[in-house]
Protein chains: 2
Amino acid sequence: MSVYVALLHHPVFNKRGDVVTTCITGFDLHDIARSCLTYGVKKYYVVNPLPTQRQFAERIVDFWSDQEALEFNWTRAEAFKLIAIKAELEEVIAEITQAEGQGPKVIGTSAKPKSGVMSSEFGELSSEMKNSDTPYLILLGTGWGLTDEIFGKMDVVLPPIKGPGDYNHLSVRSANAIILDRLLGR
Amino acid sequence: MSVYVALLHHPVFNKRGDVVTTCITGFDLHDIARSCLTYGVKKYYVVNPLPTQRQFAERIVDFWSDQEALEFNWTRAEAFKLIAIKAELEEVIAEITQAEGQGPKVIGTSAKPKSGVMSSEFGELSSEMKNSDTPYLILLGTGWGLTDEIFGKMDVVLPPIKGPGDYNHLSVRSANAIILDRLLGR
């Protein structure tokens with residue numbers, strides 16, 4: 001099973017509904033990489049169109065890439081090996097297609113129910129993934145959510161993660177952990 | 001169902017196996033509070049014996065407690081209402097006992113299998129919780145894990161969260177999200 005994760009910083013909404021590019025958050029590198037390695041994800045793409053933002057992330061990744069880092073904290077160093085920094089989603093899809101010999105099925109996630117898109121339950125998609133040779137790419141949004149332009153590129157969208165109440169404003173780090181556990185953890 | 005979460009910063013191991021007190025991490029306040037509110041946790045205790053560390057956390061909690069914060073970002077402000085800062089686990093247990101009229105069942109978590117403790121599977125404990133009037137307190141460790149002194153206070157310990165491989169070094173924020181989803185999310 002070949003599963004990839006991409007964290008997108010553009011095009012996303014800010015809280016006023018404007019389409020923006022968000023900054024890369026250091027904890028998104030650490031936490032999501034560690035979850036990805038735990039659940040056997042092949043590569044974790046951090047996607048941001050701003051060169052200075054990519055340089056910032058590259059600098060952190062470089063810090064964790066040498067022998068000293070491996071000795072200082074091997075669990076971080078191992079997780080950081082999964083990270084690849086890209087400018088655009090298209091580059092991510094092209095790289096996966098090249099590596100796998102076929103394009104990935106693109107899985108979306110959203111904190112709000114989406115209409116007009118093909119949806120799948122977690123259990124159903126989990127079974128499908130375990131019995132498939134197709135690579136999968138899970139897209140995560142930042143800010144106040146991905147725009148419809150990105151939802152239009154998804155093959156399937158998972159339902160929002162809900163608890164007993166109405167509040168479901170998980171961090172993207174927590175949402176990613178739960179999504180990987182539901183799809184790949186049992 | 002009454003479920004509480006406590007994040008302990010002492011006594012925990014550092015990577016050399018010394019017993020230390022860890023610092024409070026800002027993202028642990030945000031991410032764990034948001035996950036707790038999503039899954040209906042009644043209170044999220046941040047426990048640290050160092051007064052300056054508690055002051056640091058109080059300052060962040062205060063920032064998110066006024067009307068301006070609610071207007072700036074209500075999803076954070078609502079989540080921060082769940083946070084209570086304490087010096088010791090005993091205070092947490094006493095407060096829950098006072099509020100609930102009975103002491104909590106203490107649930108431990110560990111990234112490594114523990115011997116000599118009563119263990120429970122996630123599904124089993126999840127069913128028990130849904131049919132019980134007992135309050136539950138989930139303990140989370142920081143650093144390189146909780147000491148045996150704390151494991152001795154637990155009524156039951158959950159198995160490590162595992163993916164397909166051997167690496168399971170999740171952040172405490174990700175581990176908490178998965179634990180709450182497995183226990184309270186279906």
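Tutor: The buried residues of α6(B) pack against β1, β6, β7 and α8 (172-184) of chain B. This is a predicted model, where local features need pLDDT of at least 70, side-chain atom pairs count only at pLDDT 80 or more, and totals for chains, interfaces and linings use all residues. Residues are numbered from 1 along each chain as its sequence is written, chains are lettered from A and ligands numbered from 1 in the order in which they are written, and side-chain values use heavy atoms, without hydrogens and water.

Student: Which residues of helix α6 of chain B are called buried?

Tutor: Buried means under 20% relative accessible area, exposed over 50%, partly exposed in between (1.4 Å probe, protein chains only). In α6 (residues 122-130), B:F122, B:L125, B:S126 and B:M129 are buried.

Student: Why are they said to line one face of the helix?

Tutor: The arc is taken from the directions from the helix axis to the C-beta atoms. The buried residues of α6(B) fall within an arc of 105°, so they line one face.

Student: What makes strand β7 of chain B mostly covered?

Tutor: Five of the six residues in β7 (residues 136-141) are buried.

Student: How do you know that β1 of chain B pairs with β7(B)?

Tutor: Two strands pair if DSSP finds at least two bridges between them. Six bridges join β1 (residues 3-8) to β7(B), so they pair, and they run parallel. B:V3 stands opposite B:Y136.

Student: What makes β6 of chain B a partner of β7(B)?

Tutor: Three bridges join β6 (residues 105-108) to β7(B), also parallel. B:V106 has B:L137 as its bridge partner.

Key: Helices (H or I, at least four residues) and strands (E, at least two) are DSSP runs, numbered from the N terminus. Contact means heavy atoms within 4.5 Å.
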